[in-house]
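Here's a quick briefing to read alongside the structure.

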Amino acid sequence: MRRGSLVPVLLMAAACAGETGTTVGQDGPLAQRLEARLVAKEAELISFRRDLHRHPELSGQEQRTAAAVAARLRDLGFAVRTGVGGHGVVGLLRGDRPGPVVAFRADMDAVSSIAPDPVSFASLTPGVRHICGHDVHTTVGIALAEAFSAVRDSLPGTVLLIFQPAEERATGARAMLASGVFGTDRPAAIFALHTAPLEVGQLGTTAGPLMASRDVVRIVAMGTGDRSAALAAARQVIEGVATVDVSRQFDGATGDFVLVQFGGGDPSTVVATLSLATEAARTRARETIAREVAALTIPSVALAVEYQARFIDGVTNDSGLVIAASAAIAAVPGAGTVVTIRSITPAFSEDFGAFQAVVPGAMYFLGVSNAARGTVGYPHAPAYVADEGSILVGARAMAAVILDRLRAGG
Ligand SMILES: [Zn+2]
């Protein structure tokens, strides 16, 4: 997740479920065997997460994290590819029974932060911390590897685990796709989690847009006339498409909103980032800017409008997958209570949408706050703390979702 934080609006909703599953023998039904493995491995998983937390790595520098992930996947019998789109790691487990390929994506990178780390397993790397929870996402990915490797003999299909670098720079997903992340095993569906300031035991999602995408628009002034005046007019045009004020970027917004943030560029240009809730918002903003800039008449000045559409892809969930996945989660004790997210925080974005543009997918927010302990998992906030109970909740939820898709045939 890039920049900002989730809104308190998200915090409404039901109390947490968080009950503990029952351990059963290895001869039980598939779902119960997955649960047994997760419960048995929880302490190891927490240790794995704490190791990642102590050694956070910025975007593009995830060597140590990737090595730890690859080593564990190999130990568990996964076919592993490394160096996929940078330090990306892909693990593939083919079940002994026929079925589709279903993918889970976890991002691995950390964030610059000089604020003190309030946990006992604090970051050992000055200025770098896991305050976006990607250490939790990566650990859930390893938890899924633990669980599915234990049931390979009766697994109806293939589990593809994608560990992505450079999400905070919003380049990792595309780099992995450009490097053939799926290989010959294109998934029928892809899922992801992102930590959020919901209470631990809760997950949140919606059928449709969950996080805004971003375009970059650059307007260049050329000619011998008053270019400053032309650029000032162009800036006003861009400002005019905004429906959310920058001061409200951390609030929940609804509808096809547009947030405009100016920045960068040289004196001959105006550069702005547009955060867009929907495709309708993208189309409206682009058409308005093109029409109104074309209508500007400054003597001896020409204005050229350049677009970088989907600079960040955002997250738009497949409605059918969300309905099926939320039902699958609801059927598993301890997999969390799913709440519906009814607004989008303009300041947030994510590059998971790059995968969703290729394969139907759904992202769930994973609650990591703990009111009783007074900790809040507000991504990128200096005091960010993720409750470790979320690891098993997220793993149970995603194991249920993946198993449901495998059984459904994709
Ligand atoms: Zn993030």
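Leaving aside residues up to four places away in sequence, Asn 317 touches Thr 205, Thr 206, Ala 207, Gly 208, Pro 209, Leu 210, Val 322, Gln 356, Gly 361, Ala 362 and Met 363. Bear in mind that this is a predicted model. Asn 317 sits in the loop that runs from strand 14 (315–316) to helix 7 (319–330).

- Is Asn 317 buried or exposed? Its relative accessibility is 4%, and the cut-off for buried is under 20%, so Asn 317 counts as buried.
- The side chain of Asn 317 has a polar atom 3.0 Å from the backbone oxygen of Thr 206.
- Asn 317 also pairs up side chain to side chain with Gln 356, through a polar contact of 3.2 Å.
- Both of those partners, Thr 206 and Gln 356, are on the list of residues that Asn 317 touches.

- Val 322 belongs to helix 7, and it is one of the residues touched by Asn 317.
- Which residues does Val 322 touch, not counting those up to four places away in sequence? They are Thr 205, Thr 206, Ala 207, Asn 317, Ala 362 and Tyr 364.
- So Thr 205, Thr 206, Ala 207 and Ala 362 turn up in the contact list of Asn 317 and again in that of Val 322, going by heavy atoms within 4.5 Å.
- Val 322 is buried, with a relative accessible area of 7%.

**Asp 313 and its arginine**

- Asp 313 is in the loop between strand 13 (301–312) and strand 14.
- With a relative accessibility of 9%, Asp 313 counts as buried.
- What is the length of the polar contact that joins the side chains of Asp 313 and Arg 174? The answer is 2.9 Å.
- Setting aside residues up to four places away in sequence, Asp 313 touches Ser 213, Glu 350, Asp 351, Gly 353 and Ala 354 as well as Arg 174.
- Val 216 is 97 residues from Asp 313 along the chain, and the two C-alpha atoms are separated by 12 Å.

**Two residues with positive phi**

- Most residues other than glycine have a negative phi, and here are two that go the other way.
- Ala 170 has a phi near 60°. You'll find Ala 170 in the loop between strand 6 (156–164) and helix 4 (172–178), and it is buried, with a relative accessible area of 8%.
- His 380 has a phi near 75°. This one is in the loop between strand 16 (361–369) and helix 9 (389–408).
- Where Ala 170 is buried, His 380 is partly exposed, at 21% relative accessible area.

- Pro 197 is part of strand 7 (residues 189–199) and is buried, with a relative accessible area of 1%.
- Pro 197 and Phe 365 are 168 residues apart along the chain, yet their C-alpha atoms are separated by 8.7 Å.
- Ala 281 is in helix 6 (residues 279–294) and is buried, with a relative accessible area of 0%.
- Ala 281 touches Asp 256, Phe 257, Val 258 and Leu 276, not counting residues up to four places away in sequence.
- From Ala 281 to Val 241 it's 40 residues in sequence and 9.3 Å in space, C-alpha to C-alpha.

**The whole chain**

- The protein chain has 9 helices and 16 strands. Its radius of gyration is 22 Å, close to the 22 Å that the globule rule gives for 410 residues, so the chain is as compact as a globular protein of that length.
- Along its principal axes, the C-alpha trace spans about 80 × 45 × 40 Å.
- Of the 410 residues, 57% are buried.
- Among contacts with a separation of 6 or more, 81% come from residues 24 or more positions apart.

Methods
Residues numbered from 1 in each chain as written. Predicted model: local features only at pLDDT ≥ 70, side-chain atom pairs only at ≥ 80, totals over all residues. Heavy atoms only, no water. Helix = DSSP H or I, 4+ residues; strand = E, 2+ residues; numbered from the N terminus. Rg over C-alpha atoms; globule rule 2.2 N^0.38 Å. Buried < 20%, exposed > 50% of the residue type's maximum accessible area, 1.4 Å probe, protein only. Polar contact = N/O pair within 3.5 Å; in protein donor to acceptor, adjacent residues only side chain to side chain.
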